[in-house]
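Here's a quick briefing to read with the structure open beside you.

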Amino acid sequence: MPENDRNASPAIPASAIEGLGEFYLGLRADEPGAPPWMYDSRDLTTHAVVLGMTGSGKTGLCVTLLEEAGLDGIPALVIDPKGDIGNLLLTFPDLEPGDFRPWIDEAEAERKGLSPDDYAEATANRWREGLEGSGQDGARIARLRAAVDIPIYTPGASHGLPIAVLRSFEAPGESILADADALTERISAAVSGLLSLAGIDADPMRSREHILLSRILERGWTSGRDFDLGALIRDIQSPGFDRVGVLDLESFFPERDRFKLATALNNLLAAPGFESWLEGPPIDIPSLLWTPEGQPRIAICSIAHLDEPERMFFVTLLLNELLSWARSQPGTSSLRAILYIDEVMGYLPPTRNPPSKSPLLTLLKQARAYGLGIVLATQNPVDLDYKGLGNTGTWFLGRLQTERDKEKVIDGLESASGATEGGLDRKQMDRILSGLEKRTFLVGNVHSDAPLLIRSRWAMSYLRGPLTRPEIRRLMAGRRSEPSAGAAAHTGSSGDRGAATGPETAESGRVDAARARSAPDLASDRTMVPPELREVFLAPLGSGTEASPPVLRPALLGLADLHYVRKSLGVDVWEDVAILSPLDDASDSDPWAGAAELQSIPDLDHPAPDPALFASVPARAIGAKQRRSWPPRLKAWLYRERPLRLYRIPALKLTSNPGESESAFRVRAREEARSARSEAVSKIRDTYRRKVASIDKKLEAAHTRLDREQSQYDSQKLESFVGIGSTLLETLLGGRSLTGSKATTAARRVSRAASQRDDVKRVEKQIEDLEAQLGEIEIELADELEHARADWSPESLKLEEVVLAPRKSEIGVEMIALAWRPDDPESPTGRSGMQADEDLR
């Protein structure tokens, strides 16, 4: 049964649940009639933990938190060991029985004595009523579906979207390589995860397997080398060094034993189904958090199908990638993204040190500075390391299983709230925790004064329980043919990895197909060229054979530096470029007509391959006159074809960085807009808070005066009545007539009472006016906040493209050489590869 199985809360207005930067998570359970409880998303940067036994409503609360994040445009990365969080895809704006029918539990319907169709109708009605009771409707569900993309990745399996886990042995970015401690942590976690996958329980300080693999990765990564599992296995046999510490390699780890380790890892590579670990795009955090168009994602990594070593291996690699990405981000106080781990037990234990523990603890300590909020959920608090719990600022406490669990969370609440001994009523907390109902949570927040009780709202997603493999396959069926998750759209966003080591052509230039068809004859000797014309070989081609030697064709390689300046945008950047153009008979008229830009400056120190076949170099194309024309013509080509394209949002005074894609810039602009919105909202609220305080002060004074005037009026009225009565009585009993002086005195008393009554009415009118001003201020505040929402909405921010040509006078041609490029259709510098790059453009 789903967790939303109780009666809905009383209906509330929809307008009360949409706050700027606030998550609508439920209602105050300790204050009947209180407005919806809104959780400030910025509080999540100090992380949160959700504790509760099975049936407490823990998963439902976490799903609602992710729904609110999606509505607010905040991406999330979800580690889902059970398969529950995929329920986020079961959102039905029309709330029709037919929407629920494919997902109901038919066995449950049978137990209830209902047909599947009747059970689907009852479920649809219950969801509609629950949503209405919490101020929600199908329109809000539609907004959620439009606001966020929700893929399900299944590493090592094919029922969801694939993700290539073992490509994550690539060298980390410069920020990690420059930090010795961070590099050591990254290597240790990667090696521990791999060895655990192979069934080897290795201590990082004592295990020679761990030490050897760590040394191999450190040596390779610091030299910019990427690894796959096959390369790592080969390096175990021949690691490239002969000493470990003061011992020679054979004494430390003999070759026979190294072969056993290589065999153990090779068994992984050869195991049936292991190829699924290599399929799909690599783990790329920006691509998991945003689509290529910049739309936020809730990326669910479902690992229910994996065994424990496989789960640990994947989670460790993912946490390390997330840590590298977080460290590459600029600091912020706003919530940038969320990491949610459902059932964190085993990944952050109190005594053991599994590979996942180190990166997760580091994230809990450091991620808040980068706007990454971490949410951990588990059934038993004793399963979590106290250092992890101590770094969470918000605790959501549901029903717990044991007295030991309650004692630990009460200790944690005391510590989190900063309460001194005796400052927190432990008996009261124990009584509250013991009496918690389903979907009711005690919330402790370091940003609040005291714990409070909430009842979680009705989830928009249909909480039907864990998804099966066929169900995940059905949900992801239309997405398997999509291109990889946008890695190209976020180049440079997941860290600061350098450019590719080999030359790769960019999407510029054009190669004439006619030239490719008119290839000259081949020869084993290169054409003789003038000595002043430098020759280079663009890429090593491996070991060619006499029967099948590699083929090389001539091209012009130009290296230049370009200067782009626009003071109004704060742009002043130099860029080094490498341009490659085929060299053939048509090059006589314009040698750069078919030029294409390489993505990086190539290595020019490769020797000539032997054996090899060389295409001839047209003599006219390299004559002295033609060579003199190469630099000015290259400058003209660069000025015309190599502009710097930037993006700008004037309202934010924000300009993209050189090389930053539009989607990556839009993501950054969203964060800037969110920060600007938060600042604007804070200023508006501060302004109106002062206005309200001023009126409250006046109201307090007016009420004090009213009490005084009312007292004086009551006293004067009584004195007037007594005076008149006494004068009349004296006249009646004494038999004397009413004298003028006595009548005058009575009249004065009546007049004073009337005057005092007017004073009371004036004060009451003043109070009425002040209360009216308060009402007007509340309306003005709501209008101001709505304007702030509209002004800083990412959709309302206009994006402009800025095209900067390089400064013509400062285009510097550093070198022009005759480059021999491989004639390989798969090579990015080969003729077919260059044409393919141009076709992409």
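**Salt bridges**

Asp149 and Arg479 are both buried. Their side chains meet in a salt bridge, 2.8 Å from N to O. Keep in mind that this is a predicted model. Below are the charged pairs, then the rings, then a helix and some strands.

- As for the overall tally, the count comes to 38 salt bridges.
- Another one joins the side chains of Arg457 and Glu67, at 2.9 Å from N to O. Here, too, distant parts of the chain are linked: Arg457 belongs to the loop between β13 (452-456) and α18 (469-476), Glu67 belongs to helix α1 (residues 58-71), and they are 390 residues apart.
- Are Arg457 and Glu67 buried or exposed? Both are buried.
- Lys82 and Glu343 also meet through their side chains in a salt bridge, this time at 3.7 Å, N to O. Lys82 lies in the loop between β4 (76-80) and α2 (97-100), while Glu343 lies in the loop between β9 (337-341) and α14 (357-366), so the pair ties together parts that are 261 residues apart in sequence.
- Elsewhere, salt bridges with shared partners join Glu18, Glu67, Glu68, Arg140, Arg143 and Arg457 into one network.

**Aromatic rings and charges over them**

- How many aromatic pairs does the structure hold? There are 13 aromatic pairs.
- One of them is Trp37 with Tyr39, a tilted pair at 5.8 Å centre to centre and 40 degrees between the planes. Trp37 and Tyr39 are both buried.
- Phe92, Phe100, Trp127, Trp458 and Tyr462 are linked into a cluster by ring pairs.
- Over the ring of Phe253 you'll find the charged end of Arg208, 4.3 Å from the ring centre.
- Likewise, Lys691 has its charged end over the ring of Tyr688, 4.6 Å from the centre.

**Helix α20**

- Helix α20 (residues 624-641) has 18 residues, and it reaches 26 Å from its first C-alpha to its last. That is close to the 26 Å expected at 1.5 Å a residue.
- Where does α20 bend? The bend is at Trp630, by about 35 degrees, and a proline, Pro631, follows within four residues.
- The buried residues in α20 include Gln626, Arg627, Ser629 and Trp630. Leu634, Trp637 and Leu638 are buried as well.

**The three-stranded sheet**

- Three strands make an open sheet in the order β21-β20-β22, with antiparallel pairing.
- Why does each edge strand have a side without a neighbour in the sheet? β21 (654-655) and β22 (800-804) each have a single partner strand, so one side of each is left without a neighbour there.
- Strand β20 (residues 644-649) pairs with β22 in the antiparallel sense over five bridges, and Arg645 stands opposite Val803 in β22.
- β20 also pairs with β21, again antiparallel, over two bridges.
- Arg648 stands opposite Glu800 in β22, and opposite Thr655 in β21.
- The hairpin of β20 and β21 has four residues between the strands, and in it Lys653 takes a positive phi near 55 degrees.

- Strand β1 (residues 22-28) and β2 run antiparallel, joined by five bridges. Leu27 stands opposite Pro36 in β2.
- Strand β2 (residues 36-40) is mostly covered, with four of its five residues buried.
- Leu229 has its place in helix α9 (residues 229-237). Leu229 is buried, at a relative accessible area of 2%.
- Leu229 and Asn266 are 37 residues apart in sequence, and in space they are 8.3 Å apart, C-alpha to C-alpha.

Technical notes. Residues numbered from 1 in each chain as written. Predicted model: local features only at pLDDT ≥ 70, side-chain atom pairs only at ≥ 80, totals over all residues. Heavy atoms only, no water. Buried < 20%, exposed > 50% of the residue type's maximum accessible area, 1.4 Å probe, protein only. Pairing = 2+ DSSP bridges. Salt bridge = Lys/Arg side-chain N within 4 Å of Asp/Glu carboxyl O. Phe/Tyr/Trp six-rings, centres within 6.5 Å; stacked < 30°, edge-to-face > 60°. Lys NZ or Arg CZ within 6 Å of the ring centre and 35° of its normal. Expected span 1.5 Å × (residues − 1). Bend = angle between axes of the 7 residues up to and from the residue.
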